[in-house]
Amino acid sequence: MRHSRSRFNQSVMRGIVALALAVLLVCYLFLTLVSCNGAGPRQRVAGTITGAADSVLVLERLTLTGIEPLDSVRLTDDGSFGFTVPAYTDRCPSFYRLRIAGRLVNFAVDSLEDMTVNATFARMAQDYEVEGNETSRSIKTISLLNQQLQMQLQRLFADSTIPLMQQQQQARQLVDAYKTRLREDYILRAPASAAAYFALFQTIGPQMLFDPETDRSDVRCFAAVATQWEVNYPYARRTENLRNIALRGMRNTRPVRTVELALDSTKVHETGIIDFGFPDIDGTERRLSDFGQNVVLLDFTAYSLPQSQERNLQLRELYDSYHSQGLEIVQVSVDADAHYWKTKCEQLPWVCLFCEEGIGSDILLLYGVQQLPAYFLVGRGSELIARQEAISDIRHAIETAL
């Protein structure tokens with residue numbers, strides 16, 4: 001009897017296990033289907049386009065590879081429409097546009113709040129109103145400034161009374177003024193925003209406004225946005241694309257710093273490090289070679305990184321343990337905001353430097369930094385001992401160097 005009951009219990013347990021596995025399999029298949037079908041958080045975009053009865057309103061998504069049509073509706077007399085769009089596709093803000101023929105309304109989805117767009121067909125691209133999405137209002141301003149610039153350029157080059165050289169000079173002034181406004185009001189002021197990303201990729205005709213290949217100032221704009229998107233959206237394809245653009249641009253525009261290093265090539269060979277100088281919190285330039293009598297823990301970081309606080313606590317333990325014996329910590333920040341950097345490092349006891357070029361800095365390239373944070377151990381006499389990946393026990397490595 002006991003054996004029968006035991007076999008019965010075993011049979012029940014096997015049945016429960018089989019049922020549990022079946023449930024898990026069904027859940028897995030369901031989640032896979034949901035993922036493949038693009039389900040997930042969605043935002044509703046609705047409104048009216050008056051004066052466009054019987055016109056086809058198309059919803060399109062702006063991707064890294066081009067324009068992707070998503071949906072369309074034929075407008076009735078009242079011009080009302082409604083679409084739902086995926087929110088945070090690819091784990092970052094998404095960019096869309098509404099189009100009737102050549103008239104466009106650009107907008108971004110960076111929240112789950114529903115958005116309303118109202119416009120008249122005659123001035124759809126100029127006078128539309130957006131409610132429920134502050135980012136899209138900024139994108140509207142950027143787009144309107146672009147339209148205004150292009151009309152100014154058309155009028156300028158159509159005026160035959162202005163000499164060609166003067167036309168080109170005035171055109172450059174107009175373009176520079178637009179770039180300055182985008183740089184100061186949208187890109188550098190809020191580099192983590194979708195509006196900053198949108199501003200980076202503005203075009204004049206077929207040509208990009210910001211040159212990420214050869215213009216050092218423009219590359220810094222890409223680097224500033226890339227730095228913040230690395231923090232907020234580290235696994236997004238747009239972030240990866242930004243990072244690649246910034247790094248490629250810094251490689252292309254690196255000769256200025258390379259020449260400086262070449263002039264000091266004897267010192268570089270003698271010391272075993274690549275020397276550099278950045279301002280500290282007081283604005284005084286401090287060079288790595290200034291600490292040649294110390295063992296230096298050179299730390300490249302950004303205080304906006306999620307792990308920054310924990311890392312600084314670890315560095316504080318090392319500093320308290322070994323500073324009196326000759327250890328110096330030189331921490332180079334590539335945060336996009338200098339004021340933010342100052343507020344974060346003003347209470348730190350070690351040497352804090354600010355690299356305004358951000359993650360696109362050629363110093364990061366020369367040191368082969370692939371991800372942040374990253375540290376290097378430099379011995380007395382400025383000999384490079386090892387980098388983070390090769391140090392299994394940082395305390396032991398510091399004690400050996402001291």
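The legends below describe close-up views of a predicted model.

**View A. The largest pocket and the residues at its centre.** The largest pocket in this predicted model holds about 580 Å³ of space. Its lining is made up of 21 residues, of which Glu 230, Arg 243, Gln 370, Gln 371 and Leu 372 are the closest to the centre. Two or more lining residues come from each of helix H6 (216-232), helix H7 (237-252) and helix H12 (362-366), and H7 gives the most, with four residues. Sorted by class, the lining of the largest pocket consists of twelve nonpolar, six polar and three charged residues.

**View B. The enclosed strand E13.** Seven of the seven residues of strand E13 (residues 295-301) are buried, so this strand is largely enclosed by the rest of the structure. In a regular strand, side chains alternate between the two faces of the sheet.

**View C. Strand E13 and its parallel partner E14.** Seven bridges pair E13 with strand E14 (residues 327-333) in the parallel sense, and Phe 300 is placed opposite Val 332 of E14. Together with helix H10 (residues 308-322), E13 and E14 form a β-α-β unit that is right-handed.

**View D. Strand E13 and its antiparallel partner E16.** E13 runs antiparallel to strand E16 (residues 374-379), to which five bridges join it. Within this pairing, Asp 299 has Tyr 375 in E16 as its bridge partner.

Definitions and conventions. Residues are numbered from 1 along each chain as its sequence is written. This is a predicted model: local features need pLDDT of at least 70, side-chain atom pairs count only at pLDDT 80 or more; totals for chains, interfaces and linings use all residues. Side-chain values use heavy atoms; hydrogens and water are left out. On a 1 Å grid over the protein atoms alone, a cavity is a set of points where a 1.4 Å probe fits but cannot get out, and a pocket is an open set with protein on both sides within 12 Å along at least five of seven lines; lining residues have an atom within 4 Å of a point. Grid points are joined across faces, edges and corners, and a volume is the space filled by probe spheres set on the points. Ala, Val, Leu, Ile, Met, Phe, Trp, Tyr, Cys and Pro count as nonpolar, Asp, Glu, Lys and Arg as charged, and the others, Gly among them, as polar. Buried means under 20% relative accessible area, exposed over 50%, partly exposed in between (1.4 Å probe, protein chains only). Two strands pair if DSSP finds at least two bridges between them. A crossover is right-handed if, with the strands pointing away from the viewer, the path from the first strand over the helix to the second runs clockwise.
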